[in-house]
Amino acid sequence: MRRALSQVAAAVGGRLIGAEATVSGPVVTDSRQAEPGSLFVAVAGERTDGHAHLAQAAAGGAVGALISDLPAAGAALEGAGSELGLIVVPDTVEALGALARAHLADLRAARPGGLSVVAMTGSVGKTTTKDLTRQLLAADGPTVAPRASFNNEIGLPLTVLQTDEDTRHLVLEMGASGPGHIAYLTDIAPLDGAAVLMIGHAHMGGFGSIEGVARAKAEILDGLVAGGRALLNADDPHCLELAGRARGEVLTFSTQGPADIRATGIEMADGAHASFDLDLPGLGRPRRITLALPGRHNISNALAAAGLALIAGPDPELIAAELGGARIESPHRMDVSTLGGDLLLIDDSYNANIDSMTAALAALPEMAGQRRRVVIISEMLELGESSHADHIRTGELAHAADAALLVGIGPGAQAALEAAERRGTAIAGYPDADAAIARIDTLLRDGDAVLVKGSNGSGAWRLADHLKEARPR
């Protein structure tokens with residue numbers, strides 16, 4: 001982005017205090033990422049207030065900052081000798097969104113039809129589909145997509161602001177933990193293509209029911225521009241029910257039956273890699289695809305990525321040629337590695353709900369082969385009233401996957417441990433990630449297959465990182 005601070009202030013309805021300057025670098029919310037020409041957004045978060053880090057941002061080269069607390073900003077900059085221009089707004093997060101909205105609108109006005117914007121939402125599969133879609137579109141032209149899971153009111157506008165006059169495709173991931181969240185995001189970035197991957201149980205505590213989840217996810221369809229196209233999972237009845245909500249054409253994808261985008265003749269090879277015939281509009285005939293990423297459930301994510309890429313405009317032949325080689329790029333997402341002692345680590349620990357837990361445990365037998373299977377789970381968070389039942393189901397699924405040992409982290413995982421133990425699976429429970437890390441090396445054997453899965457906030461990822469450090473290849 002290149003804008004004068006006065007132009008930034010006009011776009012966000014703010015008041016500029018201090019010297020005029022031109023923003024020519026990135027927009028950041030972490031002062032440590034400031035570089036020459038950047039704009040720093042001071043966000044008052046739960047752990048730290050960005051206003052306290054203005055001097056660090058200025059030292060890194062930031063020329064301006066969005067602030068909401070002028071006294072705190074003045075105190076932070078006192079004696080720093082900074083020429084940092086300050087744009088005062090009531091709410092810096094809302095101002096960040098307004099700036100991204102204006103930036104994207106300007107790019108589209110300057111190049112009508114020159115920039116495609118596609119996004120996906122769903123209870124599972126968003127980040128994987130985002131990674132795959134990014135790679136398919138990058139083969140066609142300059143493409144911007146979020147890092148990791150930048151899918152909320154801060155991450156999405158930061159991603160939008162990375163686009164410039166050369167960007168051909170913008171890929172966005174849209175998450176929600178309550179009604180209205182996705183509508184807010186699509187107001188920032190209206191969409192040429194919108195996919196709903198699955199209506200499941202993620203963040204059930206914020207929606208109250210599966211119907212509430214569906215209503216919230218459907219907001220992405222309201223965010224389509226005139227002529228925009230929707231992409232729905234034909235294997236999920238809740239998704240198909242949203243077809244009437246779309247303003248324009250609706251495409252469907254399926255691994256099970258009729259759809260616009262299909263996978264047929266599915267076969268699973270060693271390491272749980274899927275091969276299938278891809279049927280994609282414009283191909284003329286199906287193409288045989290073998291996915292680089294593991295897990296039967298990722299066939300659906302690959303089809304969704306192919307559908308979004310199709311909407312964005314690349315030649316279907318290019319999409320088919322690139323799909324097999326696309327990989328998961330974000331950390332802790334079905335990251336499979338062989339560690340010291342021939343330990344096979346399946347790190348899917350970024351997040352979890354009963355839908356993604358079911359998919360991961362279903363993939364475990366194919367990925368483990370003849371290895372002894374160990375499942376490590378941390379508590380699944382934000383499930384609402386279904387939490388206890390979902391953890392019981394997890395224990396049952398771990399037993400069904402022939403886990404020799406189920407390790408649970410956190411009090412919420414106790415129900416899973418008890419359910420697995422009732423069926424004869426050995427268990428070990430720990431109150432938190434630190435306690436589990438202290439003991440895990442004594443529980444594992446060389447040659448084991450270890451699946452690590454859990455919600456980000458309950459710490460399973462820390463145990464996965466420990467294993468990678470403790471058992472270098």
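L323 touches L136, F276, L278, I289, L291, A302 and A306, leaving aside residues up to four places away in sequence. The model is predicted. L323 is among the residues with the most contacts inside the largest nonpolar core, which has 66 residues. A search of the whole structure finds 22 salt bridges.

**Nonpolar cores**

- Besides L323, the residues with the most contacts inside the largest core are L231, F276, L278, L280, L291 and L406.
- Helix α11 (residues 298-312) gives the most to this core, with 11 residues.
- Another core, of 53 residues, lies apart from it; V89, A119, I220 and L232 are among its members.

**Helix α14**

- Helix α14 spans residues 387-400, 14 residues in total.
- From first C-alpha to last, α14 reaches 20 Å, close to the 20 Å expected at 1.5 Å a residue.
- D390, H391, T394, G395, L397 and A398 are buried in α14.
- Seen down the axis, these buried residues fall within an arc of 165°, so they line one face of the helix.
- H388 and A400, on the other side of α14, are exposed.
- The cover over the buried residues of α14 includes α13 (354-368), β19 (373-378), β20 (405-409) and α15 (414-422).

**R287 in strand β16**

- R287 lies in strand β16 (residues 287-294).
- R287 has a relative accessible area of 16%; it is buried because that is under the 20% cut-off.
- Its side chain makes a polar contact with the side chain of E317, at 2.5 Å.
- R287 touches F276, D277, L278, E317 and A320, not counting residues up to four places away in sequence.

**Salt bridges**

- D277 and R288 meet through their side chains in a salt bridge (3.3 Å, N to O).
- This pair links distant parts of the chain: D277 sits in strand β15 (residues 273-279) and R288 in strand β16, 11 residues apart.
- D277 is partly exposed at 26% relative accessible area, and R288 is partly exposed at 41%.
- D335 is partly exposed, with 31% relative accessibility, and K468 is partly exposed, with 26%.
- D30 forms a salt bridge with R32, the closest N and O atoms being 2.9 Å apart.
- R32 counts as exposed, at 66% relative accessibility.

How values were computed:
Residues are numbered from 1 along each chain as its sequence is written. This is a predicted model: local features need pLDDT of at least 70, side-chain atom pairs count only at pLDDT 80 or more; totals for chains, interfaces and linings use all residues. Side-chain values use heavy atoms; hydrogens and water are left out. Helices (H or I, at least four residues) and strands (E, at least two) are DSSP runs, numbered from the N terminus. The expected span of a helix is 1.5 Å times one less than its number of residues. Buried means under 20% relative accessible area, exposed over 50%, partly exposed in between (1.4 Å probe, protein chains only). The arc is that of the directions from the helix axis to the C-beta atoms. Contact means heavy atoms within 4.5 Å. A polar contact is a pair of N or O atoms within 3.5 Å; within protein, one must be able to donate a hydrogen and the other to accept it, and residues adjacent in sequence count only if both atoms are side-chain atoms. A nonpolar core is a set of buried Ala, Val, Leu, Ile, Met, Phe, Trp, Tyr and Cys residues joined through side-chain atoms within 4.5 Å. A salt bridge is a side-chain nitrogen of Lys or Arg within 4 Å of a carboxyl oxygen of Asp or Glu.
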